[in-house]
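Here's a quick briefing on a fold and the spaces inside it. Have a look at the sequence and the model first.

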Amino acid sequence: MASNNGIPSTGNGLIVSFGEMLIDFVPTVSGVSLAEAPGFIKAPGGAPANMAIAVARLGGKAAFVGKLGDDEFGHMLAGILKENGVRADGITFDEGARTALAFVTLRADGEREFMFYRNPSADMLLKPEELNLELIRSAKVFHFGSISLIVEPCRSAHLKAMEVAKEAGCLLSYDPNLRLPLWPSAEEARLQIMSIWEKADLIKLLLVTLGEHGSRYYTKNFHGSVDAYHVNAVDTTGAGDSFVGALLSKIVDDQSILEDEPRLREVLKFANACGAITTTKKGAIPALPKEADVLKLIKGA
C-alpha cells in the first residue's frame with residue numbers, strides 16, 4: 001500500500017530494537033573540547049533506543065530490549081521511551097550498576113569526541129535469562145548494533161536474542177556502529193563486529209549513509225545511490241538512527257521492497273529526508289521527525 005508520493009505506508013508489524021540506552025552529556029557551548037566545555041546538558045541517547053523512537057515517531061510499532069540502572073537516569077530513560085510510544089516491557093533494571101553516561105562534543109575541527117562512563121554500566125550486565133523472549137518472538141524485525149558485543153554477559157544475551165529472533169522468522173537488521181574507545185583494540189572490534197555479519201539480513205553498511213551526500217545501497221541484484229536533502233545542519237547526532245528507523249518502518253510489513261529497486265529508492269528518499277530533518281535540531285530524540293514533516297520536506301525539494 002502506497003501513501004503520498006508513491007512512498008509505502010508505515011507498517012503495523014513490531015520492530016524490536018536491542019542494545020544500549022544512555023545519557024549523553026553535551027556541552028552548553030559548541031566547538032570546544034570536553035576539557036574546555038564550561039557546562040553540559042543531559043540528552044537521552046544510544047543508537048538502538050534512538051532508532052526505536054524514530055519508528056514510533058513515524059507511526060510504527062517499536063519496542064526496546066535492554067538493561068538500565070535502577071537509578072534516576074535509568075527510570076528517566078524508560079519514561080522517555082514510554083512517552084514516545086515505545087514498548088518498554090523488554091527493559092530490566094540493575095540494582096548494582098549505573099545507567100551508562102557519555103560525554104560528547106563536536107570540536108572546532110568538526111570531529112566528535114567521546115568519553116564514556118561504563119565500568120561496568122547496567123547495559124553491559126544484561127544476561128540471556130533476563131531477555132523477554134516472548135516480545136522478541138513477536139517482532140517482524142529485530143534490530144541491533146555492535147556495542148552490545150563488547151563484553152559478557154551482554155554479548156551472550158545479544159547472541160541469544162538474535163538466535164531466538166531468527167528462529168521466529170524475524171528480519172535481522174544490523175547497524176555496526178563503531179565506537180573504538182569502548183573496545184580493547186581495533187582488531188578485537190573488527191573481529192567481533194564481523195562475527196555476526198553473515199547472520200544479518202540487512203546491514204547498515206550495505207545501506208551506506210553519507211550525510212550530505214545522500215545514501216548508497218547494495219543488494220545481491222542491484223546497487224545505486226539516492227541524493228540527500230539539503231538542510232541547515234545543527235547537530236548530526238541520531239541522523240543515522242533516524243534513517244534506519246524510517247527504512248525499517250516502511251519495509252516491516254513488506255520486505256519484498258528490499259528486492260524491488262524502484263520501491264526501495266522511494267523508501268530511501270524518505271529515509272534520507274528523515275536523516276536530514278534530524279540534523280536540524282540539537283540532540284537526537286527531540287529532532288526525530290513525524291511523517292508529515294518528512295513529506296513536507298520531500299514535496300518542497
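Helices (H or I, at least four residues) and strands (E, at least two) are DSSP runs, numbered from the N terminus. This is a predicted model, where local features need pLDDT of at least 70 and side-chain atom pairs count only at pLDDT 80 or more, while totals for chains, interfaces and linings use all residues. Residues are numbered from 1 along each chain as its sequence is written, and side-chain values use heavy atoms, with hydrogens and water left out.

**Cavities**

- A cavity is a set of points on a 1 Å grid over the protein atoms alone where a 1.4 Å probe fits but cannot get out; lining residues have an atom within 4 Å of a point.
- Grid points are joined across faces, edges and corners, and a volume is the space filled by probe spheres set on the points.
- By this rule there are two cavities of 30 Å³ or more.
- The largest cavity takes up about 50 Å³, and its lining includes His143, Asp175, Lys204 and Phe243.
- α6 (239-251), β9 (171-174) and β10 each give at least two residues to that lining, with α6 supplying the largest share, three residues.
- The second largest cavity, about 30 Å³, is lined by Arg118, Asp123, Met124, Ile147, Ser148, Ile150, Val151 and Cys154.

**Sheet**

- Strands count as paired if DSSP finds at least two bridges between them.
- Four strands form an open sheet in the order β3-β2-β6-β7, with mixed pairing.
- β3 (40-45) and β7 (112-117) are the edge strands, each pairing on one side only.
- β2 (residues 22-27) and β3 run antiparallel, joined by six bridges, and Pro27 sits opposite Phe40 in β3.

**Helix packing**

- Axes are lines fitted to C-alpha atoms, for helices over the stretch in contact, and angles run from 0 to 180 degrees between N-to-C directions.
- The axes of α7 (residues 261-278) and α9 (residues 291-300) come within 9 Å and cross at roughly 105 degrees.
- That makes α7 and α9 roughly perpendicular to each other (the label covers 65 to 115 degrees).
- Contact means heavy atoms within 4.5 Å; among the residues making it are Phe270 and Ile277 of α7 and Val294 and Leu297 of α9.
- By class, this contact has nine nonpolar, no polar and three charged residues, where Ala, Val, Leu, Ile, Met, Phe, Trp, Tyr, Cys and Pro count as nonpolar, Asp, Glu, Lys and Arg as charged, and the others, Gly among them, as polar.

Methods. Parallel < 35°, antiparallel > 145°, perpendicular 65-115°, else oblique. 1 Å grid on protein atoms, 1.4 Å probe; cavity = no way out; pocket = protein on both sides within 12 Å on 5 of 7 lines; lining within 4 Å.
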